[in-house]
Amino acid sequence: MTKPRVALIVGNGFSMSFGHFSGLAKDWNTQEPLSWPIPCPSQNHSFLESLPRLKSIHEKHIDEPDFDVFAKTIDKKLCESYEPDPFVVALEARHYLTIAFSHYANEQIAKLEQCKNWPWYNWIKFHKENVMCAFSLNYDLLLESVFDELSVQYFSLQVNHHGNGIPLVKPHGSVNFEIHPNSISYTPTYPLTNFVDLNNTPIIRLESDNLIYPRYQPLCIVPNESNKYSKYQWVKPANDWFNSEIENCTHCIFIGISYFECDRPELDAILDSIPANAVIIVANPHPPDEFMEKLNGRPVMIWDSYDGPVDSAGDLFPLKSDDGNSLTKCFCTSGLSYRYCCGAKLYNKT
Ligand SMILES: [Zn+2]
């Protein structure tokens with residue numbers, strides 16, 4: 001018997017599950033970050049007041065969902081009609097998202113203390129020796145905070161971090177990433193007076209008590225934007241390292257992944273690296289149809305509870321027995337464990 005080797009692929013649904021469980025979602029709707037009360041880090045007013053181009057686009061499209069507003073900030077033609085330097089609009093969006101999600105990350109960290117019974121927390125705790133690599137499309141630090149609480153070591157290639165543990169790839173950026181201070185010399189302030197964006201430099205890790213300040217260069221891909229960082233020195237080698245781990249995984253869990261068009265090249269590359277006999281778990285109350293089609297012919301399980309990796313009785317879905325070894329495969333050659341296949345009725349208490 002062998003122990004399970006698990007890859008975690010994390011999207012916004014992971015944070016939404018925590019928001020739902022902890023009550024954080026009431027005041028912090030991640031679909032509407034433009035309505036969060038974010039103060040400017042360098043002035044005494046709302047942050048949007050310091051980002052006039054983003055504010056103006058938001059006001060022109062006030063009835064549209066925030067994610068559509070962010071999509072407009074990367075629409076070069078549209079922005080050119082408002083602004084001589086369209087790239088500055090996207091840069092303001094990056095600064096807004098970085099500071100807004102820094103506040104949100106701090107709220108999550110504070111709530112996690114009181115929410116150690118969140119099913120994903122318990123699930124990762126039970127499988128912490130089995131998690132071999134992780135990939136997150138989120139700017140926030142929820143996965144990192146869970147790992148920190150459980151003493152799971154991880155590394156995202158920040159040059160000031162320890163370099164130990166499993167690869168944690170954050171290809172769309174993260175609120176605790178900042179360009180290395182030796183990369184550029186200027187004093188950042190809001191409103192922006194220097195327009196610094198998209199430089200491929202080494203990155204450092206910021207501690208969670210030092211996230212709220214004018215950033216030298218925000219590291220954050222705008223929603224709906226294709227990944228401009230994919231060849232960067234903190235993304236490409238991290239992806240290569242992650243891929244070398246995923247080639248040996250027995251289970252790959254896609255948690256709250258929406259499979260948006262712009263994310264597909266990265267997610268498809270992951271799917272191509274997963275061994276054919278590895279079990280794919282789609283943890284999502286609404287599994288995307290096109291993603292499910294991509295999984296045809298593979299052993300697949302769906303965990304669709306809003307609470308996370310639990311059955312209708314609230315019990316966790318384990319991937320191993322008490323002795324730490326993988327569950328027995330089903331005799332029907334589905335590739336799934338007997339417990340989650342032909343034996344499911346024996347385990348289903350409801
Ligand atoms: Zn079976």
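A residue is termed buried if 20 or more other C-beta atoms lie within 10 Å of its own, exposed if 12 or fewer, and partly exposed in between, with C-beta atoms placed from the backbone. The model is predicted: local features need pLDDT of at least 70, side-chain atom pairs count only at pLDDT 80 or more, and totals for chains, interfaces and linings use all residues. Residues are numbered from 1 along each chain as its sequence is written.

Q: What makes the phi of Leu157 and of Thr333 worth noting?
A: Leu157 is not a glycine, yet has a positive phi of about 70°. Thr333, also not a glycine, has a positive phi of about 65°. Most residues other than glycine have a negative phi.

Q: Why is helix α7 described as largely enclosed by the rest of the structure?
A: Six of the eight residues of α7 (residues 142–149) are buried, so the helix is largely enclosed. The buried residues are Leu142, Leu143, Glu144, Ser145, Val146 and Phe147. Their cover includes β1 (6–10), α1 (12–22), α5 (86–112) and α6 (119–126), where contact means C-beta atoms, placed from the backbone, within 7 Å.

Q: What makes α2 and α5 roughly perpendicular?
A: The axes of α2 (residues 52–60) and α5 come within 8 Å and cross at roughly 95°. Axes are lines fitted to C-alpha atoms, for helices over the stretch in contact, and angles run from 0 to 180 degrees between N-to-C directions. Angles under 35 degrees count as roughly parallel, over 145 as roughly antiparallel, 65 to 115 as roughly perpendicular and the rest as oblique. The two helices are therefore roughly perpendicular to each other.

Q: How do you know that the radius of gyration agrees with a compact globule?
A: For 350 residues, a compact globule would have a radius of gyration near 20 Å, and the chain has 21 Å, which agrees. The radius is taken over C-alpha atoms, and the rule is 2.2 Å times the number of residues to the power 0.38.

Conventions: Helices (H or I, at least four residues) and strands (E, at least two) are DSSP runs, numbered from the N terminus. Two residues are in contact if their C-beta atoms, placed from the backbone, lie within 7 Å.
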